[in-house]
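Here are a few notes to read alongside the model. Have a look at the structure first, then go through the points in order.

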Amino acid sequence: MGWLGSLIVIILTCIVGIVWYFVHLIAQGFTSQYKDEQDFVSDQLRGLLGVEDIQPSSYRPTVEPQYLSGIVDLIETSIGGLWLAQFLYMILLLFLFFLAVDIWFIDFPFSFMFNAIIGAITVMLFAYYVTTTNSKSLTRALIQSQFSKEESFGYMYSCGFAIASLLFSLLFGMYVLMYYFNVAVWGGDMKKQEYEKVSILMIGYLMGVILGGFVYREGISIMCRSLKTASFGLIRADLNLSVGNNNISQLTRLAYMVSQQAGNTIVNFLDTGFVLLFLCCAISQIVINSPEILDSKNRSAFILGPIYLICIGYLGFIICYFLKTICADQETGSFASLNVRWQVIIAALISFIVHVSFPFSFLIDKFTLKGENTKDIDFSGKSSMHACWCYLLGLIFNVFHISIFEWFTSHGCPNVRNMGLATSDRILPMNLIFSNYLGDLYSAIPTVLMFLLITIVYSIEGFAGLLFTASGYVSLFIIYGVIFFIGSNSSDSYKLTCFAHFISDVQGKIFQIYWETKNYMIFLKATNAGTAFLVSIGIIGAQLYQYPTALNSLFLQNEGFLGLFIGFSLIFVCRGINTWGIINVAKNYFIFQPSDEAEGKLNYLKDIRIIEFTKFKYTHSMLYVAYNILFVTLMILVFGSILGHAGSVAILIGACIAVLLIQYNGLIKGTTLENSRVYNEIQDNRKDQHYLMYVSGDTYACATEESNACPLIPYLVYIFCLLISCQKHFAKVGK
């Protein structure tokens, strides 16, 4: 009954996650269709703020609540206005992939494309609901802060938990559904040949998720980072969103708010979804090589093992939800940071206890991974703890990793605070040189720890153990996602109060939460990067088991060396095209100049130019996404066909090593620059004007794409999916 128990846990947890999200929507009134949403929010804010809390200004309306709610309404309209363009781009991308790749390089193109379409629709649904929740939570966070920071923090925590619940429930639920559908329709007797087809079809589902992610994640990502880069090139500080800066038009500030609201949450949450499905597909790939697993009645439970582990972890994390404000509200500025730290500690302990005490009922006692690198694995009796230890090692190393990343990039670190001092009117780029030094130095420590983890786990259970380790490494993603959402939402809400130029106690509470939680937003990004690398190594192992290519002889051939170079180069070129797109979109950003007759008038918010502007910039951004997709696809198909399977495996190795190096370095360097800017402009704002402008203008504008070093995750997963989907075609070359 082990397999049935695991399946029941997965189904019930996915149902709980989806129900949790919609109950949250109903409880917060998101599903209510008010006669006029803007008037509703305006009434709520008017009762909250009062006339005495408003800072007067001569160039904007005196009715602050209506003005503020009008901004939020316009932001939501601008983001929602992209839905048709996104849908059409997704259909076009799927159609072109079918014509150029599917029918030529994949053995069963129509069933593969059917799974891809389901995956793309799943991403579309998630993006829609996240955008809806994120937009409306801006003003709700302000409204909830009328009592205390605790109320506002708790509200943002609830939103983040609901979105994280929707993420894994929707993606995992559809994955399990498609798995059993593919088994029922194309599985047959589930021998090696039949199951190999099922595993490729599940890669097709992930391929659809990635293709949809290119539209709903990458297009938004380039747009928001380019607008952010361009805006901070002129905005001296966040507070100057509220000042009559002659260089910045109202539409410029509006576009900046739109880009922030659209980009942060959906980009990083979808990255988490990519690595979770990547892990599931890795398990299905590695078990192809084990006849014992394929013949076992516990087969499906084993294949869905990572989902099962994450589901029982989620049920444990519900305890964290009810302890979200374990530390009471304080006037000292440590309320939010104390709660964040306790959340990580409690979540790690819960995960440890649950997975040590809860039986790994999905395990197969003994099996062999056959191929050139045959490996016998024994999970019988006490040896079943080997899988548990792999999982726990991933969890422990993850906590170490995020602690290192947080300290090396936080504004509490002396090097981060002092980085702004490296800038002067004579040597402007000195802080960028300083950040490169810190990025190279500090990224070495987590990189060494990652390779140490891989060495330990490989010695225990080989490549299969790496996938258990990846499950443990990503197991706290729910809590990290919640923390990321709190930091993102508090940042956007605070900037909204600056944009609407009112000063009140509400703004102070929101700022304190933003100031404290900003350091911890890197938890989710670092976890996504590390998990992607671990899963990549596991899939490489699956390829080595499946085809006669020994790891120790791989680079004795010219195909191996050339493939390694190609894989390494692919990632760097992808990053270069991404940065090139950011620069070009940012250069053509300021098409709207300040207008004396329109500036600050309420009816100016009804101007559709910002909506059209957002659509134009999104289309411009998608052009560079198309360049990247075309380049990667062409290179993989050409060199995979030339180099054969050995070269394909080498491409995978080169790509995953390049991603690890770029992401760790970029995350530390960019986040350090960003937090240095925040520290200097908030804590040390007594410096003269040109000094602050150098710190928060030049530094931040140059570092924006670095602090978002995660655009490489979807391209890495796409490279792996494409190579695995076409592996039979490439393997023929090496024969």
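1. Start with helix α22, residues 712-725: its 14 residues reach 20 Å from first C-alpha to last, close to the 20 Å expected at 1.5 Å a residue. That expected span is 1.5 Å times one less than the number of residues. α22 is mostly covered, with 14 of its 14 residues buried (under 20% relative accessible area, 1.4 Å probe, protein chains only).

2. A word on where this comes from: it is a predicted model, where local features need pLDDT of at least 70 and side-chain atom pairs pLDDT 80 or more, while totals for chains, interfaces and linings use all residues. Residues are numbered from 1 along each chain as its sequence is written, and side-chain values use heavy atoms, leaving out hydrogens and water.

3. Next, look at α15 (residues 430-473) and α18 (residues 522-546), whose axes come within 9 Å and cross at roughly 105°. That makes α15 roughly perpendicular to α18 (the word covers 65 to 115 degrees).

4. Now zoom out: the protein chain has 23 helices and 2 strands (DSSP runs, of at least four residues for helices (H or I) and at least two for strands (E)). Of its 735 residues, 65% are buried.

5. Finally, among contacts between residues at least 6 apart in sequence, 86% join residues at least 24 apart.

Terms used
Buried means under 20% relative accessible area, exposed over 50%, partly exposed in between (1.4 Å probe, protein chains only). Contact means heavy atoms within 4.5 Å. Axes are lines fitted to C-alpha atoms, for helices over the stretch in contact, and angles run from 0 to 180 degrees between N-to-C directions. Angles under 35 degrees count as roughly parallel, over 145 as roughly antiparallel, 65 to 115 as roughly perpendicular and the rest as oblique.
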